[in-house]
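Here is a short briefing to read alongside the structure. Take a moment to look it over, and then follow the points below topic by topic.

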Amino acid sequence: RDYIDTGRYIERYFPENNIRYIAVNDDIDTFHETSGSDMMPFRLGVNDMYAKDISKKVRSALLAMKKSGKFCGSVPPYGYMRDPNNKYQLIINPETAPIVKQVFDLYVAGYGSCTIAEFLTREGYPTPVLLKNSQKSIDNATYPNIWKDSSINNILRNRVYTGCLIQHTTKNISYKTKKRKRKELQHNSCSRRSKTNRW
């Protein structure tokens, strides 16, 4: 439903490469002049507007859920898990929560993020990459079994461990691309404080 790419393929790429495109329902045949071919730019525009409208509705629904305090992320923060009875609620993960507490204890004791990362790696604690259960994430990671200092810094700076669920910090540049940009955190951002989430 991207009228820019679709139009480029049908009106330029296919004819230049002697490729025949036929759409029976739309009465389009790139090897012949048809009435559907004349209406094609308008159909592409309508289809693109439909996709844009659906994208707006989905974003509005997700934003309303975030403002109500529901967790809408794909992967819970390290040390948390989804409530089996409510997938929009985070609860403490008994298996990884002690690791997070140890990270904060070591930091308070004066250890740096690199030293903490080396300690966790020696102890064989699972990294955030491994807990994502995503083969793509594991393949993209250089050493998925080794803790990075950046992972430690992310844990130390994440306010979710104080009980504040902060969401909607980034947004898509356009519904046509997956590239995102960071938003400035405002007082009316999608954040909620929950006693059940506080450490």
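A search of the whole structure turns up 0 disulfides. Keep in mind as you read that this is a predicted model.

**Cysteines**
- Cys-72 has a relative accessibility of 23%, so it counts as partly exposed, a class that lies between the 20% and 50% cut-offs.
- Cys-114 also counts as partly exposed, because its relative accessibility is 44%.

**The nonpolar cores**
- The largest nonpolar core has 18 residues.
- Which of its residues touch the most other members? They are Tyr-78, Val-103, Leu-120, Trp-147, Ile-152, Ile-155 and Tyr-161.
- Two or more residues of this core come from each of helix H3 (97-108), helix H4 (113-123) and helix H7 (149-157).
- H3 gives the largest share, with 4 residues.
- Another core, of 6 residues, lies apart from the largest one, and its members include Phe-14, Ile-28, Met-40 and Leu-44.

**Where H4 meets H7**
- Two packed helices are described by the angle between their axes and the distance between the axes.
- The axes of H4 and H7 come within 8 Å and cross at roughly 110°.
- H4 is therefore roughly perpendicular to H7, since angles of 65 to 115 degrees fall in that class.
- On the H4 side, the contact is made by Ser-113, Cys-114, Ile-116, Ala-117 and Leu-120.
- On the H7 side, Asp-149, Ile-152 and Asn-153 take part.
- Sorted by class, this contact of H4 with H7 has 5 nonpolar, 2 polar and 1 charged residues.

**Two serines to find**
- Ser-113 sits in helix H4.
- Is Ser-113 buried or exposed? Ser-113 counts as buried, because its relative accessibility is 16% and buried means under 20%.
- Not counting residues up to four places away in sequence, Ser-113 touches Asp-149, Ile-152 and Asn-153.
- Ser-150 belongs to helix H7.
- With a relative accessible area of 39%, Ser-150 is partly exposed.
- Ser-150 and Ala-117 are 33 residues apart in sequence, and their C-alpha atoms are 8.9 Å apart in space.

How values were computed. Residues are numbered from 1 along each chain as its sequence is written. This is a predicted model: local features need pLDDT of at least 70, side-chain atom pairs count only at pLDDT 80 or more; totals for chains, interfaces and linings use all residues. Side-chain values use heavy atoms; hydrogens and water are left out. A nonpolar core is a set of buried Ala, Val, Leu, Ile, Met, Phe, Trp, Tyr and Cys residues joined through side-chain atoms within 4.5 Å. Buried means under 20% relative accessible area, exposed over 50%, partly exposed in between (1.4 Å probe, protein chains only). A disulfide is a pair of cysteine sulfur atoms within 2.5 Å. Axes are lines fitted to C-alpha atoms, for helices over the stretch in contact, and angles run from 0 to 180 degrees between N-to-C directions. Angles under 35 degrees count as roughly parallel, over 145 as roughly antiparallel, 65 to 115 as roughly perpendicular and the rest as oblique. Contact means heavy atoms within 4.5 Å. Ala, Val, Leu, Ile, Met, Phe, Trp, Tyr, Cys and Pro count as nonpolar, Asp, Glu, Lys and Arg as charged, and the others, Gly among them, as polar.
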